[in-house]
Amino acid sequence: MKRINSRLAILGALAAATALAATAANADETTGITDKTIKIGNIMPYSGPASAYSQIAKTDAAYMKMLNDNGGVCGRQIDFISYDDGYSPPKTVEQARKLVESDQVALIFNSLGTGTNTAIQKYMNAKKTPQLFVATGASKFGDPKHFPWTMGWQPDYVSEGKIYARYLLKNIPDAKIGVLYQNDDYGKDYLNGLKQGLGDKASMIVAEQPYETSDPTVDSQMVNLKGSGANVFFNVATPKFAAQAIKKAAELGWKPTQLLNSVSNSVGAVLKPAGFEASKGVISALYLKDSQDPQWKDDEGMKKWNAFMDKYYADGDKNSSFTLYGYSVSQTLEKVLKGACDDFTHSGIMKSAASMKNVDLDLTPPGIQVNTSATDFYPLQDMQLIKFDGERWQAFGEVVSGADTQ
Amino acid sequence: MSAREEISVSAAKAPASRFGWRNWAGIGVVLVLAVLPLFLANFTIFQLTMMLIYAIAILGLNLLTGINGQFSLGHGAFYAIGAYTAAILMEDAGLAYGWTLPAAGIVCFLSGFLFGLPALRLEGIYLALATFGLAVAMPQFLKLSVIEPWTGGVQGIVITKPDAPFGLPLSQDQWLYYFTLVVGLLLYWFAVNLVSSRSGRALMAIRDNPLAARAMGVNNALYKSLAFGVSAAFTGIAGALGAIVVQFVAPDSFTFFLSVALFVGLVVGGVGWLPGALVGGAFVVFIPNVAEHFNKALAGAVYGVILILLIYLMPTGAGGLVRKVADFIGRRMKSRPDR
Amino acid sequence: MEILIQQIVSGIATGAIYACMALAIVMIYQAIHHLNFAQGEMAMFSTFVAWQLLAWGVPYWLAFVLTVALSFAGGIIIERIVFKPIENAPVLSHVVVFIALFAIFNSLAGFIWNFEIKPFPSPFGSGALFGGIMSPHQAGMIVVTLAVLVLLYVFFRFTRIGLAMRAAAANPESARLVGIRVSWMTALGWGMASAIGAVAGMMIAPVVFLEPNMMVSILLYGFAGAVLGGLTSPVGAVIGGLAVGIIENLAGTYIPVVGPELKLPVALFVIVAVLVVRPSGLLGRKIVQRV
């Protein structure tokens with residue numbers, strides 16, 4: 001009996017020690033990094049209502065494979081681990097903990113969604129593990145003072161809304177604006193950006209019509225917007241609904257000046273279903289080259305992207321902006337990692353991410369560059385205004401910086 | 001065969017009063033659950049805690065559907081109410097997390113009871129649709145701009161994770177696991193006692209034959225609404241625990257997929273078999289991961305196939321399987337000559 | 001006033017979508033007295049099959065007929081393979097199998113055809129009608145829905161098989177005693193429901209664009225419409241679907257502050273309210289329980 005007791009006691013002590021050790025071990029600076037490999041985690045909605053975005057993750061994975069084929073980064077091969085969260089924050093928490101504590105990744109890269117990233121933001125910062133280049137334009141993710149380990153990537157929605165506001169104030173000062181927006185953080189951020197940019201002229205907005213992703217169509221909202229007498233239509237909708245809205249506007253015979261948010265300005269995925277005739281004159285903003293635009297036919301960067309798609313992601317949709325996005329954000333990660341070879345630790349990588357000066361990417365048009373600093377965690381803030389001529393997007397005006405409007 | 005008749009055929013009767021092998025099995029399970037965290041990494045403990053939480057939620061659903069025969073596809077809504085109650089009390093009112101559980105229980109009991117009242121008129125399919133509607137509507141209620149100052153709207157509420165009290169040498173995850181385990185055992189004990197009491201028999205009578213029950217003097221309306229209330233309270237407490245463990249609530253966390261998951265967990269565990277809640281909870285937490293492991297692109301299809309196979313093998317859930325095995329062993333033992 | 005009329009007309013157009021789906025739901029309910037949660041996903045899958053046929057160059061009407069035929073066969077096959085083995089399991093287990101089918105079809109469609117939206121052609125042309133509130137396609141959709149409704153009504157009321165199917169669902173034991181092959185009636189019901197679902201999908205896709213998640217919310221509205229109308233009545237299903245479309249639009253437009261955010265809950269609330277007053281739906285038959 002005594003022997004069993006003492007064995008149990010030792011077992012218990014060992015177990016407790018292991019458990020405590022397990023808690024402490026994860027705050028290490030080089031977790032996920034060895035001499036030969038670096039583990040990179042990713043969380044995307046492969047199932048559920050947002051599953052269309054999984055193409056971004058597939059593009060990311062293909063890019064990592066290309067990097068590995070070309071020798072990896074800093075002499076290390078990339079182990080890219082991507083999990084599904086079905087766009088549900090509790091699942092994102094579970095997958096993030098799995099990646100950090102079980103798979104022991106060095107960083108989590110390009111995870112998608114505002115609610116989902118908010119759910120893990122505190123955790124990632126507590127674990128001192130980089131939450132890099134989150135796939136959302138919510139402005140809350142560029143806050144180095146409170147969350148030094150979290151960084152966004154794409155131009156944030158508020159800044160883009162301000163850019164459109166500036167355009168309107170300058171070119172259509174008597175505009176009556178009708179807004180269709182998705183009733184979530186993404187839609188509200190854009191709307192707030194527009195309002196902030198209009199300042200005391202916010203009364204130019206005469207109608208705000210929200211919609212839910214559970215609505216089958218937005219026809220009812222479009223009827224209301226037309227009935228409000230608006231002559232400018234701000235279309236803050238995801239691809240499916242944006243296409244429906246543009247199509248419905250044409251069917252209703254309503255011809256306002258249309259401003260389309262950059263999330264849905266893909267020619268193949270949005271304007272084609274909506275109808276090219278109906279989409280003529282639509283204005284948007286971009287920060288990546290459009291693959292359909294013949295002016296980039298012989299462009300070096302575009303050629304590289306085409307070669308990448310043909311070799312590493314042949315199933316991918318070249319018409320979709322998601323593949324352009326995935327390539328570009330992965331290329332940004334590549335530059336960050338290669339810039340941290342001397343200090344290949346969690347903080348080293350974060351430091352490299354926070355010191356990008358006038359970096360060009362293969363797919364950013366001239367004038368649009370990546371810039372970060374210790375106080376600026378918004379890598380991309382420049383956008384180019386574009387107008388659809390019935391066949392493709394035509395750039396007009398100069399590159400506008402969201403930073404100017406901050 | 002009507003839906004209610006089919007539920008009663010598969011449901012368990014009230015537990016026997018002798019201290020038999022079932023009770024030893026139960027103690028064994030509790031011991032295993034108590035000892036597990038000492039050997040496992042924090043992440044796995046987190047997953048086990050979620051399993052216990054879903055088990056509590058499914059236990060609540062079982063009380064309503066298995067014991068009282070009312071079909072609900074909307075328990076995710078009560079889970080959400082419990083979660084938000086806890087989040088708002090903890091972050092806005094600064095209440096200690098322990099007190100949020102009874103608060104969530106009371107709020108959900110009232111909401112369940114109030115929902116149960118008009119639901120009295122609805123049977124089977126229609127009740128299913130009404131509860132399903134509740135589940136679908138819940139995220140939109142939570143996003144309402146008029147109550148945004150309290151609910152945080154689409155952004156949700158971030159919650160601070162509590163530390164183990166009295167400086168115990170437990171990690172946060174281990175402490176929350178034991179906390180959840182104790183709460184779960186208390187609720188389970190309450191549920192078992194409820195089922196074997198007069199009220200429990202009244203509930204089961206209403207399930208098996210409502211007209212006969214009424215003829216015998218059971219107040220159907222009161223008991224059915226109370227069943228809704230108690231069931232919602234259980235699921236609401238689970239929701240509150242879930243909020244504390246996940247540290248975040250947002251409308252997107254509580255879509256109708258959650259209600260569907262709870263329902264699937266109920267059936268897999270065994271409708272009317274209370275211990276099945278644990279099996280159901282394990283299913284909800286671990287099977288999607290297994291499916292994803294198999295094939296990420298087709299994870300949903302793999303999940304569906306696993307589910308269909310489970311129903312083939314155990315049409316009445318784990319509870320049905322256990323009962324068949326127990327019957328088989330019981331018959332074998334009775335036929336042995338040397339007793 | 002003008003907005004009111006426009007919203008009602010627009011509501012009828014959207015309601016036609018729900019009515020299409022509701023017909024398929026009523027069809028399956030008539031056959032098996034269950035609600036099939038996978039109905040929408042099966043309809044979506046059929047529509048993808050049609051899209052694939054069109055992409056391979058098959059002319060529209062041929063693709064339409066082929067898809068309906070394939071869906072009919074597919075429905076029967078699913079019933080024989082998936083449901084026959086568990087026909088004695090409790091109803092809740094059946095519901096779980098429906099959920100499993102939902103997951104399988106959704107995942108398969110996404111895997112085979114990816115998640116980007118695809119335009120789906122309409123046989124009725126595009127443009128504007130009635131001052132632009134309704135497109136020719138939406139008008140055509142209403143006509144097709146009514147045609148299917150009439151066909152269903154005639155089938156159930158005036159044909160022997162229709163009568164046999166209703167008998168098999170209402171009282172399987174007695175139906176067997178008079179020589180009806182109950183289990184094949186169930187399979188036939190499944191086939192017809194899938195075929196109607198395919199028609200619904202091909203009517204709906206041109207409006208909402210084709211993608212794997214297109215039917216998820218429509219299924220819910222379809223359920224709501226079917227239940228509102230009374231699950232035993234195809235006419236009720238259509239009326240219910242149209243009503244849901246109109247209610248939803250009016251709620252979104254006229255309820256202040258929270259209207260646009262609560263369109264779906266309001267529609268569901270109205271339905272629950274109707275059910276509390278008339279538990280078998282607007283046009284459903286009352287079920288009398290005997291002690």
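Modeller: Over all chains of this predicted model, the count comes to 19 salt bridges. One of them pairs A:K195 with A:E208, whose closest N and O atoms are 3.1 Å apart. Because A:K195 belongs to helix α6 (residues 185-198) of chain A and A:E208 to strand β6 (residues 205-211) of chain A, this pair ties together parts that are 13 residues apart in sequence. A:K195 is partly exposed, at 30% relative accessibility, and A:E208 is likewise partly exposed, at 32%.

Another salt bridge is formed by the side chains of C:E211 and A:K240, at 3.0 Å from N to O. C:E211 sits in the loop between α8 (182-208) and α9 of chain C, and A:K240 in helix α8 (residues 239-252) of chain A, so the pair joins two chains. C:E211 is buried, with a relative accessible area of 9%, and A:K240 is buried as well, with 12%.

Within chain A, A:K289 forms a salt bridge with A:D299, and here the closest N and O atoms are 2.7 Å apart. Both residues lie in the loop between β9 (283-286) and α10 (300-312) of chain A, so the pair ties together parts that are ten residues apart in sequence. A:K289 is buried, its relative accessible area being 5%.

Salt bridges also link A:R97, A:E101, B:K161 and B:D173 in a network. Across the interface of chain C and chain B, by contrast, zero salt bridges are found. Four residue pairs are in polar contact between chain C and chain B.

Key:
Residues numbered from 1 in each chain as written. Chains lettered and ligands numbered in written order. Predicted model: local features only at pLDDT ≥ 70, side-chain atom pairs only at ≥ 80, totals over all residues. Heavy atoms only, no water. Salt bridge = Lys/Arg side-chain N within 4 Å of Asp/Glu carboxyl O. Polar contact = N/O pair within 3.5 Å; in protein donor to acceptor, adjacent residues only side chain to side chain. Helix = DSSP H or I, 4+ residues; strand = E, 2+ residues; numbered from the N terminus. Buried < 20%, exposed > 50% of the residue type's maximum accessible area, 1.4 Å probe, protein only.
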